[in-house]
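Below is a short briefing for a reader who has not seen this structure before. It goes through the loops, the sheet, the helices and the cores in turn.

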Amino acid sequence: MSYRTCSRREFLAAAAALSLLTACERPLPNPPLPDWMLTPDAADPELWRDALVVQDLLVRHREIRREVEHYSYGIRATTTSPAADLAEQIRVHVAQMQSRLQRGAAIRQDDPLFAAIFAHHRQVDLRVERLPDGVRVTSTSADPVVVMLLRQHAVHAVSEFVADGVERARRPTPLPPGYPG
């Protein structure tokens with residue numbers, strides 16, 4: 001049996017080809033989000049689907065615009081993008097989160113703020129208005145403590161996610177100052 005010596009270029013080309021061939025055998029990599037953020041639940045098959053939309057929004061955060069208005073009973077947030085596909089992803093995400101909130105199907109369960117919001121999910125009224133370039137969401141509650149949570153979520157979670165993307169999403173969101181829970 002004889003062996004042939006290959007050049008560095010041939011070796012690198014062969015190594016690249018081998019990694020491409022074996023890549024098909026490996027599962028797709030997890031999104032760049034920490035495990036605690038997803039809090040996997042085998043009983044919730046929609047969690048991973050919803051998280052993939054979140055990941056896309058976080059990665060493309062610089063293409064998203066957001067404004068938040070405050071009221072005594074809650075907030076109104078307008079989230080838009082000039083990119084039509086991203087505007088649709090925003091609408092999809094809001095519909096997914098509205099459904100999760102209505103069912104009490106928490107996401108980011110190890111995040112103090114998200115855990116508190118889902119603990120009070122029955123006290124949140126969420127109204128969604130579809131816009132050509134995104135959505136306008138009005139989140140209200142008759143409970144002033146829940147209003148504190150809604151404001152914290154709007155400003156110190158979602159608006160910060162839009163500003164800083166994945167890096168911000170990697171950190172948990174504190175409960176609002178004065179929260180009695």
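R108 is found in the loop between α4 and α5; helices (H or I, at least four residues) and strands (E, at least two) are DSSP runs, numbered from the N terminus. The model is predicted, so local features need pLDDT of at least 70 and side-chain atom pairs count only at pLDDT 80 or more, while totals for chains, interfaces and linings use all residues. Residues are numbered from 1 along each chain as its sequence is written, and side-chain values use heavy atoms, with hydrogens and water left out.

- R108 is not a glycine, yet its phi is positive, about 55°.
- With 3% relative accessibility, R108 counts as buried (buried means under 20% relative accessible area, exposed over 50%, partly exposed in between, with a 1.4 Å probe and protein chains only).
- G104 follows α4 and also has a positive phi, near 75°.

**The sheet**

- Four strands form an open sheet in the order β1-β2-β4-β3, with antiparallel pairing (two strands pair if DSSP finds at least two bridges between them).
- β1 (65-71) and β3 stand at the edges with a single partner strand each, so one side of each has no neighbour in the sheet.
- Neighbouring strands of this sheet are turned by 15° against each other on average, direction ignored; axes are lines fitted to C-alpha atoms, for helices over the stretch in contact, and angles run from 0 to 180 degrees between N-to-C directions.
- β1 and β2 run antiparallel and are joined by seven bridges, and a hairpin connects β1 to β2 through two residues.
- Along this pair, Y71 stands opposite G74 in β2, and E67 stands opposite T78 in β2.
- On its other pairing, β2 meets β4 in the antiparallel sense over seven bridges, with A77 opposite V137 in β4.
- Six of the seven residues of β2 are buried, so this strand is largely enclosed by the rest of the structure.

**T138 in β4**

- T138 belongs to strand β4 (residues 134-140).
- Its relative accessibility is 16%, so T138 counts as buried.
- The side chains of T138 and R76 are joined by a polar contact of 3.2 Å (a pair of N or O atoms within 3.5 Å; within protein, one must be able to donate a hydrogen and the other to accept it, and residues adjacent in sequence count only if both atoms are side-chain atoms).
- Leaving out residues up to four places away in sequence, T138 touches I75, R76, D125, L126 and R127, where contact means heavy atoms within 4.5 Å.

**Helices on the sheet**

- Helix α4 (residues 84-103) has 20 residues, which at 1.5 Å a residue should span 28 Å; the C-alpha atoms at its ends are 29 Å apart, which agrees. The expected span of a helix is 1.5 Å times one less than its number of residues.
- Buried residues of α4 include L86, I90, V94, M97 and L101.
- The cover over the buried residues of α4 includes α3 (46-59), β2 (74-80), α5 (112-119), β3 (125-131) and β4.
- α4 lies across β2, β3 and β4, running at about 160° to β3.
- α6 packs on the sheet as well, touching β1, β2 and β4, and its direction makes about 165° with that of β1.

**Nonpolar cores**

- The largest nonpolar core has 21 residues, and those with the most contacts inside it are L58, I107, F114, F118, L149 and F161. A nonpolar core is a set of buried Ala, Val, Leu, Ile, Met, Phe, Trp, Tyr and Cys residues joined through side-chain atoms within 4.5 Å.
- The elements giving two or more residues to this core are α3, α4, α5, α6 (144-164) and α7 (166-169).
- Another core, of ten residues, lies apart from it, and I64, A83, L86 and I90 are among its residues.
- Apart from neighbours within four places in sequence, L149 is in contact with L113, A116, I117, H120, L175, P176 and Y179.

**P174 after α7**

- P174 is found in the segment after α7.
- P174 is partly exposed, with a relative accessible area of 49%.
- Not counting residues up to four places away in sequence, P174 touches L113 and Q152.
- P174 and A157 are 17 residues apart along the chain, and their C-alpha atoms are separated by 9.0 Å.
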